[in-house]
Amino acid sequence: MNPAERALTLLAERDQTVAVAESLTGGLVAAELTSVPGASRSFRGSVTAYATELKRDLLGVDGALLEDRGAVDPDVALQMAAGVRSRLRAGWGVATTGVAGPEPQDGQPVGTVFVAVCGPSGGPLGDGKVVALRLNGDRAEIRRESVRSVLELLADELSGNARAQDTEQNGGN
């Protein structure tokens with residue numbers, strides 16, 4: 001089972017939903033999720049906020065943070081995930097931001113990517129979780145790996161949440 005299928009299966013089992021905020025992946029995360037039959041049960045929608053001001057205006061990312069650190073930042077990724085979760089009224093929000101190339105951005109080298117997930121209020125994630133990636137390859141490879149990584153992060157967090165709720169059903173691992 002690929003990460004999108006795994007995440008959507010876990011979401012459906014819990015009757016929960018997900019929304020996606022994308023920058024460098026430009027809609028590829030949403031495309032991967034919607035390629036799975038039955039995705040509409042759990043996938044709410046997505047925002048592709050490629051321009052920095054859209055991260056602020058559509059997703060609610062702090063403008064001072066964007067000005068100080070730029071869009072390629074772990075806190076920006078977390079705020080994107082929280083913002084899309086809130087604005088699209090989903091149980092979970094995921095986000096991607098980074099530099100796919102060919103040029104560095106915001107002082108960050110090509111291959112610097114942050115993926116984030118934000119779960120339900122009071123859930124095991126608290127304010128969310130972000131993972132920093134240092135990816136190699138060309139633009140397409142960096143974008144593909146970013147999609148895989150954010151969907152694996154979501155599936156892993158959902159699995160962890162499930163383990164916390166019902167270790168017997170999940171075999172305790």
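Which residues lie nearest the centre of the largest pocket? In this predicted model, L24, Y50, G98, V99 and Q105 hold that position, within a lining of 16 residues. Two elements, α3 (52-59) and β3 (92-98), each give two or more residues to this lining. The space in the largest pocket amounts to about 170 Å³. By class, its lining consists of seven nonpolar, six polar and three charged residues.

L24, one of the residues nearest the pocket centre, is also among the contacts of S146. S146 is placed in helix α6, which covers residues 139-165. With a relative accessibility of 0%, S146 counts as buried, because the cut-off for that class is under 20%. Apart from neighbours within four places in sequence, the residues in contact with S146 are L24, T25, T96, V113, V115 and L135.

Helix α5 comprises 14 residues, 74-87. The N-terminal end of α5 is capped by D73, a side-chain oxygen of which lies 2.9 Å from the backbone nitrogen of D75. Buried residues in the helix are V76, A77, L78, M80, A81, G83, V84 and R85. In an α-helix there are 3.6 residues a turn, so residues three or four places apart point the same way. Just after α5, a positive phi of about 50° is found at R89.

Further backbone features occur in loops. In the loop between β3 and β4 (112-118) lies P102, which is joined to G101 by a cis peptide bond with omega of about 15°. The loop between β3 and β4 also holds D106. Although D106 is not a glycine, its phi is positive, at about 50°. D106 counts as partly exposed, because its relative accessibility of 39% falls between the limits of 20% and 50%.

A positive phi is likewise found at D15, a residue other than glycine, with a value near 55°. D15 is placed in the loop between α1 (3-13) and β1 (18-22). The relative accessible area of D15 is 64%, over the 50% limit, and D15 is therefore exposed.

Conventions. Residues are numbered from 1 along each chain as its sequence is written. This is a predicted model: local features need pLDDT of at least 70, side-chain atom pairs count only at pLDDT 80 or more; totals for chains, interfaces and linings use all residues. Side-chain values use heavy atoms; hydrogens and water are left out. Helices (H or I, at least four residues) and strands (E, at least two) are DSSP runs, numbered from the N terminus. Buried means under 20% relative accessible area, exposed over 50%, partly exposed in between (1.4 Å probe, protein chains only). Contact means heavy atoms within 4.5 Å. On a 1 Å grid over the protein atoms alone, a cavity is a set of points where a 1.4 Å probe fits but cannot get out, and a pocket is an open set with protein on both sides within 12 Å along at least five of seven lines; lining residues have an atom within 4 Å of a point. Grid points are joined across faces, edges and corners, and a volume is the space filled by probe spheres set on the points. Ala, Val, Leu, Ile, Met, Phe, Trp, Tyr, Cys and Pro count as nonpolar, Asp, Glu, Lys and Arg as charged, and the others, Gly among them, as polar. The expected span of a helix is 1.5 Å times one less than its number of residues. A polar contact is a pair of N or O atoms within 3.5 Å; within protein, one must be able to donate a hydrogen and the other to accept it, and residues adjacent in sequence count only if both atoms are side-chain atoms.
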